[in-house]
Structures are given as C-alpha cells and as structure tokens.
Amino acid sequence: MYAIVDIETTGGHASANGITEIAIYIYDGREILQQYETLINPGLPIPRYIQALTGITDEMVAVAPTFDEVAADIYALLEDKIFVAHNVNFDYSFIQYHLAKAGYQLRSKKLCTVRLGRKIIPGLPSYSLGNLCRSLQISVTQRHRASGDAAATVQLFGLLLQQDTTKAIAHALNAHSKEQFLPPNLPPEQVTGLPGLPGVYYFHDQKGKVVYVGKAKNIRKRVNSHFTGNSAGRKRQEFLRNIYSISHEVTGTELMAHILESVEIKRLWPIYNYSQKYIEFRYGFYCFEDQDGYLRLAIEKRRKYSLPLHAFPLLVQGHQMLRGLIREFDLCPRLCFLQKGTGICSPIPDHTCRGACDKKEAPETYNLRVKAAIIHMQQQQPSFAIMGTGRDPWEQSCILMEKGRFYGMGYIPRDTAITEGIQVKEWLTQYPENEYILNLIHSHAGNHETELLKFS
C-alpha cells in the first residue's frame, strides 16, 4: 500500500519552515482508496514569492489547523505505508521533522518518482513534475497546490508501475538498497560503481561544476555515508538537491588522499567545503638587498604566491632560528631586523657584530656570510620520501619532502631502486604546499619511520 504525498511549505528546509498544505492519497497500485488534504497554519508568515507561486495566503491559513492538531491523522495514514513523492526526501524530511516535534516517530520506506522516472522512462529532457507530466501527457490541475500535485503524482506512479519491466521499484524497496537515501538527481550506478579504495571524490552540480571535494579510506563507503539520515537543515537539503554526478581519483594511501583533498579544495574552492579554505598566514624567512647593497634576512607573514626561503608556523620559532644564524655566521642583528632603529646594533650574548650596521664592513664581505647562512638553514631541513602501497601490485606510492618543503607525490614502479630524491622526481606530480599538508606529512613521518627513505 502506497501513501502518495505532496506538501506546500514556507521555505526549503524543515528546521526553520512550516507546512502550509498537505495532500495524501492512499493508493494500492490500481485505485485511490482514501484521500486526505488540508491547509495548515504554519505559525509564521508565508513569503510573498511563495504566496505568488502556490496561491496560498496568510489569510487562507489563519483559520486552518496547526500541524500539531492534525499530526495524529497524518501519522495514522503514513505509518504502515510506502511513502511516495516527487523528490521524496524533501517531503519526507519535512513531515518526519514536524511529526517528531509532535511526538510521532515516522520510519517509512520511501520511493522517489524523480529517481524512478529516470530509470523506468530514461531519455526525457526533464524530470521535474510539470515537465514530466507534459512529456507523458498526464493532466495536472492546480499546479503547485498539494492536492493537484499529489493527484498528478498518483497518475505518474501508476504509469511507472505499469512500465517497470526491470523491477526498479522492487529494487528500490529492497532492504539492502540505498537508492531511497540517494539525492534525487544522482544516478545510483555512479554510487554502486565507486571503488572501496582510498582516494578523493568530487560531487558535481547540474552543469558539471565541482561543489564538494572529500577524501576517504574507502571511497564507496564514505560517499554513501553522506546520504544516510534525513537532516532537516537548509544546508543539507540544498546540498543533496545540487548533486548530479560523482567522479573520483584513487590514491595509493589514505595520507595521499588527505593531501590531494587539501590541494583540490584550495584549487577548486567548492561551495560546500567549509574547512581548509582559510588563508594561512604562516611566517617565513625572506631575503632582499637594501639600497646600500647589503643582503638582509627578514621574518614576514607569508603572503599568497610568495616563496620564502623557509616557512614555519610560529613567530617564536623563526626568532629562535634567526638568533642561531646571527651567532653562527656573525650576522648583524639590526640588518636582520632583530633590532630596530639606525646606527650601531646593540650586542647580544655570544655574538660580535663586524660593523655592517655602520658600513665598516663592505657589503661584498657581509653578503658572503648571509649566503652561507641561507645555505646552512636550507641544508638543516630534512629531505625524505614516504613510500607506501600503490594503486596496484606493480607500483609503490611516494611523497617527497625536499629540504623541508613538500615537493609532490606520485607512483614509482615497484622494482625501481632509489638512493636519492632526484631519482623519483620524474615519476611525481608537483603540488603546492600548505600548513595543513606539512603538518600531515611530518606527523605521519614521526609515527611511521619504517616508511621513510632519508636523503642527504
């Protein structure tokens, strides 16, 4: 027994909106056995554009019952039926949410006539209710009113039952089928065809634009987890409505999936990704030549597209490193911006300034020590590769760090002997680094020493 449902609402998500009208047709696959419809007072104003669309005004619902007053009748009609609607997750999420507020827990199997229409009658230009009914010559009266749309959905569902030669409806109702949880515009074969491997997946909108990027240890399992439950929030409902297709890229390891996700979020800037989109103001060492010809080391906030000699997350770390370089290479604290003002720098412990600050030492002589300090600083940064499983038995994955910087990652034939970092570069793809990626790599390296190949 089917309960074919349509509702009109004050907005697009249940948690902040009310139902203004509901129609329920109890249908056995051949005829309508019972019909229920009523206006509902949502307890809040109906936006003017929705009044214009549906024709339902605040005056019309002012004397209508509230949802709480009709909740028992609605629950009695729905509780033991298969819930059918056009874009079922929208109607179901609203009704389930408001029934729960009234003290009733609805747990129904669901069928979506959008999804079923795509499977049973493929190739139509549009599967919106109005366009689908026009294509199939189904008459619709009182469009955008609950009773009219529900009556049209009854005719549509009856036609789908008749033409279901592939048993799509039975498959959708199967206890192991996840179709009833999928977004209405997403072909189920795109989900069932996903691999159970580490990687990155992309949700695309109707125009093919990436709207969300995610990473996973098991792509298929993680993607399915997005569609379980019936959250009534606006963001989730909008998110589900805008998913039309999925693509993916398999990676050899979960660490590579984390890195690639971070790169792709910053490259594509998808609208439904909220983390990792902030600008990272890490600090870095920069070197420039002043008007007098002296090379000057400076600590500055890292700017977009800038390339520091060395980057670090905390200002105190940079100051500690800079003081060490000043002492070891007899650099001038004032020319390194460790001391402010002009003239002769103030002495610091275990250090003697050779006079560059008051031009007693020639720039050519001083600059040699600055260059030596830069080389020393870069040589102190580790170079290593993290080796792991590949995408198939004939390859191994590789993530390369070069002098403290993330170079890139890729896949190397398993029988390739590696003794230095330059050997692996031809196999790798270069990627931009960020603080999140560096923290991931250093944390993993610290916990998985056996996976590291260290280079001098």
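A salt bridge is a side-chain nitrogen of Lys or Arg within 4 Å of a carboxyl oxygen of Asp or Glu. By this rule the count comes to 15 salt bridges. The model is predicted: local features need pLDDT of at least 70, side-chain atom pairs count only at pLDDT 80 or more, and totals for chains, interfaces and linings use all residues. Residues are numbered from 1 along each chain as its sequence is written, and side-chain values use heavy atoms, with hydrogens and water left out.

**Exercise 1.** Find the salt-bridge partner of glutamate 21, then explain which parts the pair ties together.

*Solution.* 
Step 1. The partner is arginine 145, with the closest N and O atoms 2.8 Å apart.
Step 2. Locate both residues. Helices (H or I, at least four residues) and strands (E, at least two) are DSSP runs, numbered from the N terminus. Glutamate 21 sits in strand β2 (residues 19–27), and arginine 145 in the loop between α6 (129–135) and α7 (146–163), so the bridge joins parts 124 residues apart in sequence.
Step 3. Check accessibility. Buried means under 20% relative accessible area, exposed over 50%, and partly exposed in between (1.4 Å probe, protein chains only). Glutamate 21 has 5%, so this residue is buried. Arginine 145 has 16%, so this residue is buried too.

**Exercise 2.** Classify lysine 359 and aspartate 292 as buried, partly exposed or exposed.

*Solution.* 
Step 1. The two side chains meet in a salt bridge (3.4 Å, N to O).
Step 2. Lysine 359 is in the loop between α13 (315–329) and α14 (363–379), and aspartate 292 is in the loop between β9 (283–289) and β10 (295–301). They are 67 residues apart.
Step 3. Lysine 359 has 54% relative accessibility, so this residue counts as exposed. Aspartate 292 has 41%, so this one counts as partly exposed.
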